[in-house]
Amino acid sequence: MSVTDRPVHPPNASDSETGESEAEASAALSPDETFHILQTFRRRESIRYLLERDGPVKMRDVAEHVAAREHKTTVAELTSAQRQRVYIPLYQSHLPKLDTAGVIEYDKPRGIVRPTERLESFRPYLEATTAPTDAEPDRADREASPNGQRRSVAGLGAIVALLLAIAAEALQASGVVLGAVIAALVLVAVAVF
């Protein structure tokens, strides 16, 4: 929910008027909610960036930081395509998810991201993980990159080649060996995709 969608209550509103107590409003996220938020590299890096800043930041700055980390480069060396591949998912998905969870207030039309009190609860999790320089993008984020796509295509090509060799009877194998090859192909397919 964006900042403009949030209900506005006067500062002196009582619990009965707002329908929720201050404790409920600032209640910590459940472990499942926390781990779901931290599930993707882009959300983790967005949170890490916001924890290092004081006050509101421009969404574009968050996107550039995440793109630089994802591509293991600096903001100055990012290409336009690298920026855009990160900016769009942050704009459409990741930042709205953080806003809905109450971790940030995301003013989408203005492109402003404001941390909330809940943001600080992520610090121990991020400090307990590998250092930011050792972070690696998640599988979905990696596969969205050209290198990830090449690996996927190469893996698919290997699977197709083996299946064609079996179908053309170029590989003479017993039923047990054939079953083992098919099982291996399935494992490769799961690992690649």
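Let me start with L50, which is found in helix α4 of what is, please keep in mind, a predicted model. Is L50 buried or exposed? Its relative accessible area is 1%, and because anything under 20% counts as buried, L50 is buried. If we set aside the neighbours within four places in sequence, the residues that L50 contacts are V57, V62, I104, V113 and L119. There is also R114, which is 64 residues away from L50 in sequence, although the two C-alpha atoms are 8.4 Å apart in space.

Helix α4 covers residues 41-51 and helix α5 covers residues 59-70, and their axes come within 9 Å of each other, crossing at roughly 120 degrees. The two helices are therefore oblique to each other, and the crossing of α4 past α5 is right-handed. On the α4 side the contact involves F41, R42, E45, S46, Y49 and L50, and these meet D61, V62, H65, V66, R69 and E70 of α5. Sorted by class, this contact has 5 nonpolar, 2 polar and 5 charged residues.

In general, side chains of opposite charge can pair when their charged atoms come close. R69 forms a salt bridge with E45, with 3.2 Å between the closest N and O atoms, and since R69 lies in α5 while E45 lies in α4, the pair ties together parts that are 24 residues apart in sequence. E45 also meets R48 in a salt bridge, at 2.9 Å from N to O, and here both partners sit in α4, 3 residues apart, which is about one turn of the helix.

Finally, let us follow α5 to its other partner here. Helix α5 packs with helix α6, residues 80-100, at an angle of about 120 degrees, and the axes are 9 Å apart. These two are therefore oblique to each other, and α5 passes α6 in a right-handed crossing. Among the residues making this contact are V62, V66 and A67 of α5, and V86, L90 and L95 of α6. By class, the contact of α5 with α6 divides into 10 nonpolar, 1 polar and 4 charged residues.

Technical notes
Residues are numbered from 1 along each chain as its sequence is written. This is a predicted model: local features need pLDDT of at least 70, side-chain atom pairs count only at pLDDT 80 or more; totals for chains, interfaces and linings use all residues. Side-chain values use heavy atoms; hydrogens and water are left out. Axes are lines fitted to C-alpha atoms, for helices over the stretch in contact, and angles run from 0 to 180 degrees between N-to-C directions. Helices (H or I, at least four residues) and strands (E, at least two) are DSSP runs, numbered from the N terminus. Angles under 35 degrees count as roughly parallel, over 145 as roughly antiparallel, 65 to 115 as roughly perpendicular and the rest as oblique. A crossing is left-handed if the near helix is turned anticlockwise from the far one by less than a right angle, and right-handed if clockwise. Contact means heavy atoms within 4.5 Å. Ala, Val, Leu, Ile, Met, Phe, Trp, Tyr, Cys and Pro count as nonpolar, Asp, Glu, Lys and Arg as charged, and the others, Gly among them, as polar. Buried means under 20% relative accessible area, exposed over 50%, partly exposed in between (1.4 Å probe, protein chains only). A salt bridge is a side-chain nitrogen of Lys or Arg within 4 Å of a carboxyl oxygen of Asp or Glu.
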